[in-house]
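Take a look at the model below. We will walk through it in short steps.

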Amino acid sequence: MSAALVTASKNTSVTVSQTPDSPAPSGLEIIAPTRDESSAPGWFHARSEAAWTEFQSLPLPGLKDENWRYSSAKKIELADHSPAASPTAANIQAALAATEGLKERAARFVFVNDTLVESDITGLPAGVVCVSFSEALKTHADVLQQHFMKGEQALGSGKFAALHLAHVKAGTVIIVPKNVVIEKPVEVFHWVVGDHAAIFPHTLIVTGDHAEVSVVDHYRSLEGEGGLSIAIADLVGGSGSKITYAACQELADDAQALHLSSITAGRDASVKSFQVQLGAAFSRSESVSDLVGQGARSDMLSVSLPIGDQIVDQRTLQRHKAPHATSDLLYKNALYGQSRSIFSGLIIVDEGAHYTDAYQTCRNLLNSNEAEATSLPGLEINADQVKCSHGATSGPISDEELFYLKARGISDSESRKLIIEGFLAGVVERFGNSELLDTLVARIDEKLERAV
């Protein structure tokens, strides 16, 4: 039996063995993270090293894993990817030229291959902390130690979360003090460039009591084949605070994406999260919402538009841990070609979480006979005086709607596009930012032009 030695740090090593008949592991499976120990606190290095060991010890989720039902973890091709190389001057120039975001914003960050290349925080109120992840490790390590990746990975991607923790070095940390309201959004761009390059962005948002903030993360590709994004967002809402967060995934059609988010909503806090899936051959999102304070509210929104043979995999968990809390999930998928969508969502109402209001809706619009949508909603109720409902629908575009538009001289393809735009618009409008709404509608329209 042969063996390959992998060095995880100067003090830790992991031995990976394989039989002579099996291919040697490669890519992210064996490329250990490297860090400058002087740039981060000891607890972070300890967690990073432990995560690398955990990643190597955990098996890839298999067909019998309920959290990967109807999907396959093998779609995330770790062996084919390596941590993204530092961007060249040409890469940076191309990314900045292509970065067209909101005109009205409080701050903007641009990352290329997990390297910060531009930041502007001039529109932020006094007292707000809005820095890169690497900078936060130096200046606000106490907040990271308290909130960074504290939730369990309950939806099946523990192995990939460990890989993220082992390699993470980029992203943004936003801390909004008590009673501070940021009127305009914070906008962050994560560009990936290079063949089979992998990035590991992280977003941490922490709000004090009665604070408000809106954040938009964009994930996009420059030139190169088969990029990979393994991103995580931690949203922590203090009492009476409001967080609005959007993750817009528009990677290249041959890329892969795994985006995990955790929401913790305190007493009377309101957290609205929005997942947009427009790119990648395979994209998986996992969203966990914990309502830990009385009167908390979580709105979980998503739109996706898979075409060709793209796969969109969506897993959600709404956990009610306190009474008088509300959660409302609305996911809509419009499918073309031979694309597939998988939705699996669960509402759990803990003992004592009385007077819970929880809703879960997934709707799928099929635009070809080959498209396939699978929905698995679920409820687990352990309290009294609750109001919970869930539902899922799948079906083609109505013949009556098509006839109505075509009878007025609108072509079949244009009629379908109008119907799909209307189908998705209701979710986008609930996000509440008119400028972002216009931007997303334009991006959806661009993809529909390729689909019809």
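Rings of Phe, Tyr and Trp (its six-membered ring) pair if their centres lie within 6.5 Å; planes under 30 degrees apart count as stacked, over 60 as edge-to-face, and the rest as tilted. With that in hand, find W43, F44, F133 and F148, which form one aromatic cluster. This is a predicted model, in which local features need pLDDT of at least 70 and side-chain atom pairs count only at pLDDT 80 or more, while totals for chains, interfaces and linings use all residues. Residues are numbered from 1 along each chain as its sequence is written, and side-chain values use heavy atoms, with hydrogens and water left out.

Stay with the rings. The whole structure holds seven aromatic pairs. One of them joins F44 and F148. Their centres are 6.0 Å apart and their planes stand at 50°, so the pair is tilted by the cut-offs for ring pairs. F44 belongs to helix α1, and F148 to the loop between α4 (141–147) and α5, so the pair ties together parts that are 104 residues apart in sequence. Helices here are DSSP runs of H or I with at least four residues, strands are runs of E with at least two, and both are numbered from the N terminus. Are F44 and F148 buried or exposed? Both are buried. Buried means under 20% relative accessible area, exposed means over 50%, and partly exposed is in between (1.4 Å probe, protein chains only).

Now turn to two helices. Two packed helices are described by the angle between their axes and the distance between the axes. Helix α1 covers residues 42–57 and helix α5 covers residues 158–167; their axes come within 8 Å and cross at roughly 145°. Such axes are lines fitted to C-alpha atoms, for helices over the stretch in contact, and angles run from 0 to 180 degrees between N-to-C directions. Which residues meet? From α1 come R47, S48, A51, W52, E54 and F55, and from α5 come K159, A162, L163, L165, A166 and H167. Contact means heavy atoms within 4.5 Å. K159 also places its charged end over the ring of F55, 4.2 Å from the centre. A charge sits over a ring if NZ of Lys or CZ of Arg is within 6 Å of the ring centre and within 35 degrees of the ring normal. Elsewhere, R284 lies over the face of W68, at 3.6 Å from the ring centre.

Next, the loop between α1 and β3 (82–83). L63 is found there. L63 is exposed, with a relative accessible area of 79%. At 38% relative accessibility, Y70 is partly exposed.

Most residues other than glycine have a negative phi. Y70 has a positive phi, near 70°. A280 has a positive phi as well, near 75°. A280 is in the loop between β15 (270–277) and β16 (282–291), and is buried at 1%.

Finish with two threonines in strands. T374 is in strand β22 (residues 372–381) and is buried at 13%. Beyond residues up to four places away in sequence, T374 touches Y70, S341, I342 and F343. T326 lies in strand β19 (residues 326–335) and is buried at 16%. Leaving aside neighbours within four places, T326 contacts L291, A296, R297, S298, H320 and D357.
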